[in-house]
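Visitor: Hello! Could you show me how to read a structure like this one?
Guide: Gladly. Let us take it one feature at a time.

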Amino acid sequence: MTIPDPTMTNLDPNWWRQAVVYQIYPRSFADSNGDGIGDIPGITSRVDYLKNLGINAVWLSPFYPSALADGGYDVDDYRDVDPKLGTLEDFDEMVSALHAVGIKVVVDIVPNHTSNRHVWFQAALKAAPGSPERARYVFRDGLGPNGDLPPADWESFFGGPAWRRVPDTAPGGHPKGGQWYLHMFAPEQPDLNWDNPEVREDFLKTLRFWSDRGVDGFRVDVASMLTKDLSANPLPSWAEIQDGTLWAPGRHPLWDRDEVFDVYHGWRQVFNEYDPPRTAVAEAFVPPDRTHKYATQEGLGQIFNFDLLQANYNAAAFRKIITSHLKFAAQTKSSNTWVLSNHDQVRHVSRYGLPNNPPGAREGHMGRQWDLHGGKNMSINAEQGLRRGRAAIMLLLALPGSTYLYQGEELGLPQVTGIPDHARQDPTFFTNPGVDVGRDGCRVPLPWQADAPAFGFGTSRGPRGVAKASSGGETTSHLPQPEYWGDFAVDVELADPDSTLRFYQKAIKLRQQLEAPEETLTWLDPDVELPGISAAAANDVLLFSRPPVADGSTWVCVSNFGTDPVPMPKGEVLLASGPLPNPGELPGETTAWLRR
Ligand code: BGC
């Protein structure tokens, strides 16, 4: 039997396929009680703003009880709201308010690890080696005669060793003489043991808990790492672990193992108990030929595509990624996900203001991109970054599939650089001193009002949050907001017809009118469509059309990645990402939508 949701206004089971999803990082969105921390009633108070933006769904980063060792991705209790952010009743009110205006709710689920304050981990610390309490996590004896060497030399993704020793629980045992547990992220995030049926059952309970409360979908954190194989003795070295070629696809000991899909097949059965079925999107950094496995309709259904987020602003790079991902999605009957920014990455308007491939930029697994945070020793061309950012998002919004936006990008917010060390929160800053400034620069609380305390983020009457965050006394913003934040405030941008906010509102609404249900596009040839264009300039142009809509009109998107103007293709220009000073011309680093 399927359980209908009375608060749901849109019962279309395919709502997610071409949705515009807005990521809320709750602690930095809106603060209803002036304690400097964004909260659930704060989100409810901004439902009109979200409605006017025109989005179809919100995705909430974790709002569960947490000591915030990793911004809430260290979860103490998966079935509750952090008291600092509100209550379950507040959550229900928020869901009803969002549903009432047709916005779906997606929540983050963090299954690879709990926090070290979770009741299970606390019980495991008190229990003996080999006990059922320890079997929910990955505990191992240490190496060496006294077991005081870690079971392997593995490194955590946040830097530092991935194994930590616990006290010996035997009577008279040494406080530091016990077993070791695995934590692939912070030490406060012990990895769960997904071979344990109890762990599997408990997550099904969590999925039902939130689905019963009207949650429409789940974003699955670190989706590729749940199942692991630690049976080798000795365990492989970290150098071997990092060399993916030593194992056949799906057989790596720590990530992207084929067994993980059994877990998600079980989740799908739970999703299908509801009407419409709950949805999911996997966060999984896996090789391109494995992504489709996470997006099958018998599994999670959709996977994040981070390739554009990691690409330089370059027409050929964008076209290659778009083409290959359209193919992947068709393989699984999934839809594409397009994204330029999130809570882990340098905000894209700042990224695009940096030179391509700046020194120090490293590619690869998540986390490596964080080196760019702060743009150390690099000057950011903010004007160019914003121009390119607007052009790129307009291109993404014209693509078939769903687009994920990150709070504040609709204001054109840049990455905040120069956060004082004492105010930093991200564990990556503390584990990589002098190397990685961490992700705080994209998590600074939003400016709502230029001329208000904490730029309207909270209700506090205290001083602005400028560099006050952890100085004690009166705080208004848990991360300090820079002085210039007011220039990007919502009230300022609403009053300016050319602002980035007004641009996002127009683009999102227009997309809904222009978009056909068919998830396809046709590439058009700039040499043919833009008479007189030079061969070099044509290489910088991406031009495509979407299938016609009911009135027979066709949506054409043209994006000029070069710096010089090119001819505008034929058709009625509906919107452009920047000014169009000369009729018949598309300026450099600008995207336009036309109707034919
Ligand atoms: C989240 C990060 C988090 C990590 C560990 C990532 O996928 O997006 O913010 O630090 O998982 O949970």
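Visitor: Which of the residues around the ligand come nearest?
Guide: Keep in mind that this is a predicted model. The ligand has 15 residues around it, and D70, D221, E283, H343 and D344 come nearest.

Visitor: How far is a polar side-chain atom of D70 from an oxygen atom of the ligand?
Guide: That distance is 2.6 Å. For H343, an N or O atom of the side chain is 2.9 Å from a ligand oxygen, and for R219 the corresponding value is 3.1 Å. The protein buries 100% of the 310 Å² that the ligand exposes when taken alone.

Visitor: What kinds of residues make up the shell around the ligand?
Guide: Seven are charged, five nonpolar and three polar.

Visitor: Why does the ligand lie between domain 1 and domain 2?
Guide: Because domain 1 (20-111 + 197-494) and domain 2 (113-191) both give residues to its shell.

Visitor: And how do I read aromatic rings?
Guide: A pair of rings is described by how far apart the centres are and by the angle of the planes. In the whole structure, a search finds 40 aromatic pairs. Take Y22 and F29: their ring centres are 6.3 Å apart and their planes stand at 75 degrees; over 60 counts as edge-to-face, so this pair is edge-to-face.

Visitor: Is Y22 buried or exposed?
Guide: Y22 is buried, at 0% relative accessible area, and F29 is buried at 0% too.

Visitor: Which residues form one aromatic cluster?
Guide: W59, F285, F304, F306 and Y404 do.

Terms used
Residues are numbered from 1 along each chain as its sequence is written. This is a predicted model: local features need pLDDT of at least 70, side-chain atom pairs count only at pLDDT 80 or more; totals for chains, interfaces and linings use all residues. Side-chain values use heavy atoms; hydrogens and water are left out. A residue is near a molecule or strand if one of its heavy atoms lies within 4 Å of it. A polar contact is a pair of N or O atoms within 3.5 Å; within protein, one must be able to donate a hydrogen and the other to accept it, and residues adjacent in sequence count only if both atoms are side-chain atoms. Accessible areas come from the Shrake-Rupley method with a 1.4 Å probe; for residues, only the protein chains shown count as cover. Ala, Val, Leu, Ile, Met, Phe, Trp, Tyr, Cys and Pro count as nonpolar, Asp, Glu, Lys and Arg as charged, and the others, Gly among them, as polar. Domain bounds come from an automatic or database domain assignment. Rings of Phe, Tyr and Trp (its six-membered ring) pair if their centres lie within 6.5 Å; planes under 30 degrees apart count as stacked, over 60 as edge-to-face and the rest as tilted. Buried means under 20% relative accessible area, exposed over 50%, partly exposed in between (1.4 Å probe, protein chains only).
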